[in-house]
Amino acid sequence: MAETLYIPQTTARKEIYESLLPQVEGLISGETDTIANLANLAAVLKEAFSFFWVGFYIKKENQLVLGPFQGPIACTRINFNKGVCGYCYRTKETVIVPNVDEFPGHIACSSASKSEIVVPVFDHTGEVLMVLDVDSDELNDFSEDDKVGLEKMMKLLEKTFTV
């Protein structure tokens, strides 16, 4: 188990993600407890990038329910037809929102959140089990590098799920 995280001294997010991926794989690959893995992934992303908020919303019945996260208090439940997380759940695609105030139906859990990226996490049948939600307190803070890096990280997480 990894007890320290090596974060390269660069502002190039692509390089940081590339450095984190093998570390994350080592951290979660031997662990079968999903909640433990979600908690560690949220901590890795918060520590590596200092994002405003990082967390998971898990599908439970007919809503997305708050799971492990790092950051200020958050919305507890999100309907599938609401907000960026609901949109990601419905479309099964990563969503980058440069300015949350311009996203129709955005749920403002915190007025400090300015931009957002939400990544779906799938089970072995291709159904969305949960979403990774990352908020920034800066406008237009997410790019294709974040999309690619976070999607790769979620693929590593998906490998830990038992059938």
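**Helices, sheet and cores in a predicted model**

The axes of H1 and H4 come within 10 Å of each other and cross at roughly 5 degrees; axes here are lines fitted to C-alpha atoms, for helices over the stretch in contact, with angles running from 0 to 180 degrees between N-to-C directions. On the H1 side, the contact (heavy atoms within 4.5 Å) involves residues including Tyr-17, Leu-20, Leu-21 and Val-24. H4 contributes, among them, Leu-150, Met-153, Leu-156 and Leu-157. Helices (H or I, at least four residues) and strands (E, at least two) are DSSP runs, numbered from the N terminus.

A word on the ground rules: this is a predicted model, in which local features need pLDDT of at least 70 and side-chain atom pairs count only at pLDDT 80 or more, while totals for chains, interfaces and linings use all residues. Residues are numbered from 1 along each chain as its sequence is written, and side-chain values use heavy atoms, leaving out hydrogens and water.

Next comes the sheet. It is open, with 6 strands in the order S3-S2-S1-S6-S5-S4 and antiparallel pairing; two strands pair if DSSP finds at least two bridges between them. Strand S3 (77-79) and S4 sit at the edges with a single partner strand each, so one side of each has no neighbour in the sheet. From one strand to the next, the twist averages 25 degrees. S1 and S2 run antiparallel and are joined by 6 bridges, and Tyr-57 has Leu-66 in S2 as its bridge partner. Two helices lie over these strands. H3 lies across S1, S2, S3, S4, S5 and S6, at about 35 degrees to S5, whereas H4 lies across S1, S4, S5 and S6, at about 30 degrees to S5.

Then there is the inside. A nonpolar core is a set of buried Ala, Val, Leu, Ile, Met, Phe, Trp, Tyr and Cys residues joined through side-chain atoms within 4.5 Å. Buried means under 20% relative accessible area, exposed over 50%, and partly exposed in between (1.4 Å probe, protein chains only). The largest core has 32 residues, and Leu-132, Met-153, Met-154 and Leu-157 have the most contacts inside it. Two or more of its residues come from each of H1 (13-28), H2 (34-49), S1 (53-60), S5 (115-122), S6 (128-136) and H4 (144-158). Leaving aside residues up to four places away in sequence, Leu-132 touches residues including Leu-45, Phe-56, Val-119, Leu-150 and Met-154. A second, separate core of 20 residues includes Ala-74, Val-84, Tyr-89 and Val-95.

Finally, the structure holds 7 aromatic pairs. Rings of Phe, Tyr and Trp (its six-membered ring) pair if their centres lie within 6.5 Å; planes under 30 degrees apart count as stacked, over 60 as edge-to-face and the rest as tilted. Trp-53 and Phe-69 are stacked, 5.3 Å centre to centre with 20 degrees between the planes. Trp-53 is in S1 and Phe-69 in S2 (residues 63-70), so this pair ties together parts that are 16 residues apart in sequence. Trp-53 counts as buried at 4% relative accessibility, while Phe-69 is partly exposed at 29%.
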